[in-house]
Amino acid sequence: MTSTAIYCYDRACVRFAVYPDGPVGRRVLAEVTDHALRHAFGVHGGPEALVQTCEQNIYFLEERVARRFRLDPRQPVMIDAGDLSSFHQY
């Protein structure tokens, strides 16, 4: 999958697109806070490291985004540390 992740300085998050219903389905923009990425994945670098971490864990993030989107498709999707609390690095 080609990533569309970018760092948003004004919002302190990484914004990326997912397709909860597959590649022919609706495109959903989501954001994951930099705090969530640092907390869940142990990121210590700057914006580039945050984007890279998002790209490396996109399948895990996509599942969280799809779940949140299906709860209320009218609301923006913002993933925070609580959404990533079940992530365990092995």
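Visitor: What makes Asp34 a buried residue without a salt bridge?

Guide: In this predicted model, Asp34 is buried, and the nearest side chain of opposite charge, Arg38, is 4.6 Å away.

Visitor: Where does Asp34 lie, and which side chain is joined to the side chain of Asp34 by a polar contact?

Guide: Asp34 belongs to helix α1, residues 34-41. Its side chain is joined to that of Tyr7 by a polar contact of 3.0 Å. Beyond neighbours within four places in sequence, Asp34 is in contact with Tyr7, Ala12, Cys13 and Leu50.

Visitor: Why is Arg15 called partly exposed?

Guide: The relative accessible area of Arg15 is 27%. Buried means under 20% and exposed means over 50%, so Arg15, at 27%, is partly exposed. Arg15 is placed in strand β2, residues 13-18.

Visitor: How do you know that the span of helix α3 agrees with its number of residues?

Guide: Helix α3, residues 58-71, has 14 residues, which should span 20 Å at 1.5 Å a residue; the end C-alpha atoms are 20 Å apart, so the two values agree.

Visitor: What do the buried residues of α3 pack against?

Guide: They pack against β2, β3, α1, α2 and β4. Among the buried residues of α3 are Phe60, Leu61, Val65 and Phe69.

Key
Residues are numbered from 1 along each chain as its sequence is written. This is a predicted model: local features need pLDDT of at least 70, side-chain atom pairs count only at pLDDT 80 or more; totals for chains, interfaces and linings use all residues. Side-chain values use heavy atoms; hydrogens and water are left out. Helices (H or I, at least four residues) and strands (E, at least two) are DSSP runs, numbered from the N terminus. Buried means under 20% relative accessible area, exposed over 50%, partly exposed in between (1.4 Å probe, protein chains only). Lys and Arg count as positive and Asp and Glu as negative; His and the chain ends are not counted. A salt bridge is a side-chain nitrogen of Lys or Arg within 4 Å of a carboxyl oxygen of Asp or Glu. A polar contact is a pair of N or O atoms within 3.5 Å; within protein, one must be able to donate a hydrogen and the other to accept it, and residues adjacent in sequence count only if both atoms are side-chain atoms. Contact means heavy atoms within 4.5 Å. The expected span of a helix is 1.5 Å times one less than its number of residues.
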